[in-house]
Amino acid sequence: MLALLARRLNRDAGAPALPSLFFLTDPLRTPDPVASARQLPAGAALIYRHFGDADRHRTARALARICRRRGLLLLIAADPELAARVSADGVHWPERLLPGACHGLATAAAHSVQAAQLAHAAGAAACLLSPVFITASASARAPLGLFHASQIARRSPLPVIALGGISQSNARQLIGRGFAGIGAVAALA
């Protein structure tokens, strides 16, 4: 269901050349990212957020193998060296760690239109805007709300992936609001 809605959002946004569905690992909510990767539909993107994972090198190698085999895009969070070591497709940057210039394929987290503009200036291909809805993420901020998030998506110079509290029950609300796809953690785990 989420994959179908994500494809519709991508098509409605002019079909930018990026996945419409992004899965983000979370150390607490997705304790086995490798098992989660095996469940993703072909063409989706997986962002491996390895923060604090003592086995991140082994997990990243396993994810890279699965992603290549299943036709998934693999982005490693904030670690271009690890991304290069496992031949990942690119890097995802948290907003606070976004470099002045991105090299290769990169996405960036954004929590405001200014952050989306900075991601664009740095050379990111897309931004993941969050949190749109209330979320259980440990790093969650107050939700932007659908109206405000939609305004940001429409003003962004980059394709915007909606993230934060996205579920089967609220994903349809994103249609027609300027988003190019869906990012999720728990809804896809």
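Modeller: Let us begin with a definition: a helix is a DSSP run of H or I with at least four residues, and helices are numbered from the N terminus. Please note that this model is predicted. Helix H5 covers residues 113–122, and Gly 123, which follows H5, has a positive phi, near 100 degrees.

Colleague: Which residues of H5 are buried?

Modeller: They are Val 113, Ala 115, Ala 116, Ala 119 and Ala 122. Their cover includes strand E5 (105–110), strand E6 (126–129) and helix H6 (146–155).

Colleague: Why is Asp 26 called buried?

Modeller: Buried means under 20% relative accessible area. Asp 26 has 9%, so Asp 26 counts as buried.

Colleague: What makes Asp 26 and Arg 49 a salt bridge?

Modeller: The definition requires a side-chain nitrogen of Lys or Arg within 4 Å of a carboxyl oxygen of Asp or Glu. The closest N and O atoms of this pair are 3.6 Å apart, so the pair qualifies. The partners are 23 residues apart: Asp 26 lies in the loop between E1 and H2, and Arg 49 in the loop between E2 and H3. Asp 26 also meets Arg 29 in a salt bridge, at 4.0 Å from N to O, and the three residues are linked in a network.

Colleague: How do you know whether Arg 29 and Arg 49 are buried or partly exposed?

Modeller: The limit for buried is under 20%. Arg 49, at 19%, is therefore buried, whereas Arg 29, at 27%, is partly exposed.

Note on methods
Residues are numbered from 1 along each chain as its sequence is written. This is a predicted model: local features need pLDDT of at least 70, side-chain atom pairs count only at pLDDT 80 or more; totals for chains, interfaces and linings use all residues. Side-chain values use heavy atoms; hydrogens and water are left out. Buried means under 20% relative accessible area, exposed over 50%, partly exposed in between (1.4 Å probe, protein chains only). Helices (H or I, at least four residues) and strands (E, at least two) are DSSP runs, numbered from the N terminus. Contact means heavy atoms within 4.5 Å.
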